[in-house]
Every structure is written in structure tokens, then in C-alpha cells.
Amino acid sequence: MKDLTIMLFERLGLLLVIAFVLTRTPGFKSLLYREFSWKMSLVHAVVFGIFGIASTVTGILITEQGEIIHTFVILPVDTGQLIVSLSLVAIVIAGLLGGPIVGLGAGLIAGIHLMLLGGVGWLANGLVNPLTGILAGMTARFFSNERVISPLKALFIGVFPPILQMQLLLIMYTNGDAMVGIVDQIGLPLVLSNSIAIAIFTTMIRVVMKEQENEAAIATKQALTIAEEALPFLKKDSNMDVANGLANLL
């Protein structure tokens, strides 16, 4: 369990770099300010779906005997292997920022990819992504007064998707003690890595919003300063003096 937790946090570092780049894209602002349109919802669903796929292919493989297979890129897997990844992080963020539509779209993209990869638990892993997207989007409506959910709330919300995934694995695959052992091994590392990753992501988003607000405040201050300095010129009687003074000021 310790080795798995360390490996998941190593993958988490890579995903956070991708997330940081994502927050710097121009189209990301429409999510922050909740400017809804079908076109942008589709674009965001595809972007977060690809983010989920990237989380999957950089995941970890575990055999039914609990052996960890070290690989950097996951291609179609054997029937006796289970994919452990952080794809739910991208889906939760998509739902929290874009609502149920973006969450569902991103979840379908990431879920279908997981199903195509195969392996143990392919159906449960595929279904949990769209379900998580819808639930995260519905959860965001309870915090509609906040443009971005606080990291503490995000940390709490991030606990539940991995638990849902574990439940689906246990319900759909009743092959004795093998699946129970796998769930015992991956449960706590997934819960910790997912919840912390979502909390860090929301913190990054709040930093981006703070930067935008600071830029707007600086621009407003500059405009007010110019207006204040222009008042003496506006009091002059000659239009030529007013024009020359304002031109020199600007």
C-alpha cells in the first residue's frame, strides 16, 4: 500500500503540471465565470476528457495477486490486470467547474477509453467516470454562490469518487477474495491521492482568479489616476489647452 501511494503521488505531480498549463489557456476563463454555451461546454468536455485519458495512460497496473507492475504508459492490458489511475480527478474538476453536462461529457470520454483498455474491472472503471461527472456537476449547484469551491470542500468531495469506484468493483466482480484484496490494497491510496489532487487543483484555480482580480484592480486604479490628473485640464476655458493637456497626459 505504501509503494502504491508513493507511485500515485508521483503521477499526481505530472498531472498537476498539465493542470497548471490548462489554467493558463484563454478558454479556461469562461469556465471560471460560468459563461455557458453548448460549444464551449463541448470543448471543455473534450479537454477534460483528454485530461482523464492522460491520467489513465500514466496510471499503474495491479495484478489479481496484488503485484504492482511498473510501467509509464498503459496500453491495452491483460485480463488479469487492473488499472489504477487518477482519471477521476479530471472528471470531478470538470463537473465542479462546468456542471453536469461538462462532467458527463468528460466522464464518457475517459470511461470509454478505460473500457477499451480492458483488464479486470473494465466495466466498473468505465461506468464510474460518467457517474462521477454527473454527481460532481450536481454537487457544484449546491455551491452556486462560489465561483470556485474552496480547497477544504474540494478535499471532502474528492473522497467519494474513489469510494464509489471501490463499491462498483465489489458489486460487479464477486470472484472470491481476490477483488476484496485488491480493493483493500488500492482503496486508501486512491482516496488520499484523489482528494488531495482535487484540493490542489482548486487552489491553483483560485490563484488564477486572484491574479485576474489583481490585474483588473491595477487597470481600474490606473484609469482613476488618469481621470484625477485630467481634472485640472478640463477646467481650462480654451479647448486647445484642454486638448494639449489631455494629449500630454495620455
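Residues are numbered from 1 along each chain as its sequence is written, and side-chain values use heavy atoms, with hydrogens and water left out. Because the model is predicted, local features require pLDDT of at least 70 and side-chain atom pairs count only at pLDDT 80 or more, whereas totals for chains, interfaces and linings use all residues.

Helices (DSSP runs of H or I, at least four residues) and strands (runs of E, at least two) are numbered from the N terminus. Axes are lines fitted to C-alpha atoms, for helices over the stretch in contact, and angles between N-to-C directions run from 0 to 180 degrees. Angles under 35 degrees count as roughly parallel, over 145 as roughly antiparallel, 65 to 115 as roughly perpendicular, and the rest as oblique.

Helix 3 (residues 38–57) packs against helix 4 (residues 87–117) at an angle of about 50 degrees, and their axes are 7 Å apart. The two helices, helix 3 and helix 4, are therefore oblique to each other. Their crossing, that of helix 3 and helix 4, is right-handed; a crossing takes this label if the near helix is turned clockwise from the far one by less than a right angle, and is left-handed if anticlockwise. The contact of helix 3 with helix 4 comprises 18 nonpolar, nine polar and no charged residues. In this classification Ala, Val, Leu, Ile, Met, Phe, Trp, Tyr, Cys and Pro are nonpolar, Asp, Glu, Lys and Arg are charged, and the others, Gly among them, are polar.

Helix 3 also packs with helix 1 (residues 2–23), at an angle of about 165 degrees and with the axes 11 Å apart. Helix 1 and helix 3 are therefore roughly antiparallel to each other, and helix 1 passes helix 3 in a right-handed crossing. Leu-15, Ile-18, Ala-19 and Leu-22 of helix 1 make the contact with Val-47, Phe-48, Phe-51 and Ser-55 of helix 3, where contact means heavy atoms within 4.5 Å.

A pair of aromatic rings is described by the distance of the centres and the angle of the planes. Rings of Phe, Tyr and Trp (its six-membered ring) pair if their centres lie within 6.5 Å; planes under 30 degrees apart count as stacked, over 60 as edge-to-face and the rest as tilted. A search of the whole structure finds two such pairs. The ring centres of Phe-51 and Phe-201 are 6.2 Å apart and the planes stand at 50 degrees, so this pair is tilted. Since Phe-51 belongs to helix 3 and Phe-201 to helix 8 (residues 177–234), the pair ties together parts that are 150 residues apart in sequence. Relative accessible area defines buried (under 20%), exposed (over 50%) and partly exposed (in between), with a 1.4 Å probe and protein chains only. Phe-51 is buried at 6%, and Phe-201 is buried at 1%. The aromatic pair of Phe-156 and Phe-160 is edge-to-face, with 5.2 Å from centre to centre and 80 degrees between the planes. Phe-156 is exposed, at 55% relative accessible area, while Phe-160 is partly exposed, at 45%.

Helix 8 also holds Met-209, which is buried with a relative accessible area of 7%. Met-209 and Val-148 are 61 residues apart in sequence, and their C-alpha atoms are 9.0 Å apart in space. Asp-177, also in helix 8, is exposed with a relative accessible area of 68%.

Leu-61 is found in strand 1 (residues 60–63) and is buried, with a relative accessible area of 7%. The C-alpha atoms of Leu-61 and Gln-81 are separated by 6.2 Å, although the residues are 20 apart along the chain. Not counting residues up to four places away in sequence, Leu-61 touches Glu-67, Ile-68, Ile-69, Thr-71, Ile-74, Val-77, Gln-81, Leu-82 and Ile-83.
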